Amino acid sequence: MMLALALALVQEAVLRGEVVDADTGRPLPCRLYIDGPDGKRHTARSSGAIPYVKERRDGIAEVHTTLPAGPFEAPLTAGTYTLTAERGKEYRTETVRAEAGASITVKLRRWTDAAARGWWSGETHVHRPADELPLLQLAEDLNVAFPFSTWALKAGEVPVEKTPVTPALVRVDDTHVYWPRNTEYEIFSVGGKSHTLGAVFILGHRALPSLGAPPIRPAVDALRGEGVLLELDKHNWPWSMMLVPVLNVDLYELANNHHWRTDFGFRDFGEREAEWMGVERDARGWTEAGWTEFGFRNYYALLNCGFRLRPTAGSASGVHPVPLGYGRVYVHLDVPFSYEAWMKGLDAGRSFVTTGPMLYLDARPVTGGLRVLGSVENPSPLSRVEIVVNGSPLREIKAGAVDETVAVDETSWVAVRAYDGKRFAHSAPWWIDVPGKPLRPRKQEVEYLLKRVEDQLARNTGVLSEPALDEYRGAAAAYRKLLETAR
């Protein structure tokens with residue numbers, strides 16, 4: 001027994017290191033993974049470091065340490081370890097191998113500089129504690145964040161701040177900020193019984209919420225005058241397709257909190273896609289590519305119906321096994337960075353969402369169509385880049401410099417999407433309004449949206465109040481009206 005203990009003590013060693021910018025040598029805050037020879041993942045430590053350990057019963061895990069700039073150490077046993085350092089989207093991932101007890105320097109190399117081109121990153125679905133955000137945002141180079149201070153899980157429950165916040169912008173530094181008061185209505189029970197409705201976010205408000213939901217519109221209207229943005233969260237919550245016409249939702253999570261750096265975990269969640277969408281499935285349910293495509297197809301159906309939602313991205317880091325900002329939205333500014341300008345740009349759709357690639361693009365009207373200019377970039381070759389018109393891929397294009405003209409003869413929208421394996425990027429849609437020639441949705445798209453609402457109206461009859469059911473009836477009427485002109 002004593003011999004075994006002595007041998008274990010002898011085998012212990014502290015790995016020491018630092019992460020720096022490869023070009024300047026400047027120490028960088030970052031996210032660090034340490035994988036042992038036995039496959040176990042370890043955390044590092046330093047003054048102010050934030051370990052993050054989220055392990056699911058299905059074995060999916062996110063285990064890392066967010067490190068401030070400067071030295072770190074990790075107490076380990078003898079052996080060879082793999083260290084992986086990452087910093088947001090604009091530095092290449094760096095992986096090194098080192099022996100326990102060694103001292104190493106990990107050099108991160110920037111492959112792109114979005115801010116230098118006027119693009120500033122943000123995430124609109126954050127569940128990390130506010131006191132962690134200053135380091136997390138610097139380590140992920142995430143310019144804007146929206147942590148939820150209030151969260152309602154039961155029908156009729158008025159969201160209350162467990163930790164009171166001051167409704168004023170928090171500045172980490174000149175280009176990293178967060179708005180501390182945001183609300184999520186995520187209803188899982190009605191009348192004390194399990195009955196899922198879904199989630200919707202109210203971003204950027206000052207006053208505390210004063211109403212529960214459903215009905216949801218009075219709760220939202222009470223804060224609408226503050227210039228808030230409403231975010232749909234996931235497209236296939238039971239109530240999601242009711243919310244869009246009833247609330248005039250602003251934002252749609254194209255990169256949502258089921259997109260993780262690690263494995264895909266939600267293969268059977270919420271409402272099903274329509275058969276015509278043709279999304280990829282396997283024996284366990286959606287593949288990650290299928291889930292992404294479902295989100296795209298649902299978004300395209302709403303756009304074609306005239307609901308001009310702007311794309312956004314959120315990870316729900318703090319709840320799920322995913323780093324802050326894994327999915328993020330970049331907003332282009334023609335003026336110096338500020339929170340106010342960034343919010344206006346997000347609302348205007350001067351943006352793209354990404355879990356990896358970069359779409360530095362803009363578009364301008366030309367006679368008979370639209371000209372898309374800029375560049376599509378990625379640290380490794382992209383598997384596919386496409387121009388999409390009214391939800392249909394028009395053609396594939398090459399990564400790099402982009403100068404593409406799209407001809408249209410009716411009101412239309414155009415977007416660009418890019419794929420790098422499971423990682424993707426998607427631009428906001430550029431709209432071309434042609435007088436006298438409105439965009440007509442496809443019949444199958446409207447029928448899908450209408451069925452989603454009608455199914456939920458039937459499911460909720462006898463469960464929800466009449467005012468709440470009236471919201472579903474109003475949404476169904478809106479979709480039926482669209483069917484009159486559907487092609």
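Guide: Ask about the pairings of strand 2 to begin. This is a predicted model. In it, strand 2 pairs with strand 5 (residues 61–67) in the antiparallel sense, over three bridges.

Visitor: Which residue in strand 5 stands opposite R31?

Guide: Strand 2 and strand 5 are antiparallel partners. Within this pairing, the residue in strand 5 facing R31 is T66.

Visitor: What is the phi of G39, in the turn of the hairpin?

Guide: The hairpin is formed by strand 2 and strand 3, with five residues between them. G39 lies in that turn, and its phi is positive, about 90°.

Visitor: Why is strand 2 largely enclosed by the rest of the structure?

Guide: Buried here means under 20% relative accessible area. Strand 2 (residues 30–35) is largely enclosed because the number of its six residues that are buried is five.

Visitor: How many residues of helix 4 are buried?

Guide: Helix 4 spans residues 240–247 and is mostly covered. Its buried residues are S240, M241, M242, L243, V244, V246 and L247. Elements covering them include helix 3 (217–224), helix 5 (288–304) and strand 16 (193–203). Of the eight residues in helix 4, the number buried is seven.

Visitor: Which residue with a positive phi follows helix 4?

Guide: The phi in question is near 55°. The residue that follows helix 4 is N248.

How values were computed. Residues numbered from 1 in each chain as written. Predicted model: local features only at pLDDT ≥ 70, side-chain atom pairs only at ≥ 80, totals over all residues. Heavy atoms only, no water. Buried < 20%, exposed > 50% of the residue type's maximum accessible area, 1.4 Å probe, protein only. Helix = DSSP H or I, 4+ residues; strand = E, 2+ residues; numbered from the N terminus. Pairing = 2+ DSSP bridges. Contact = heavy atoms within 4.5 Å.
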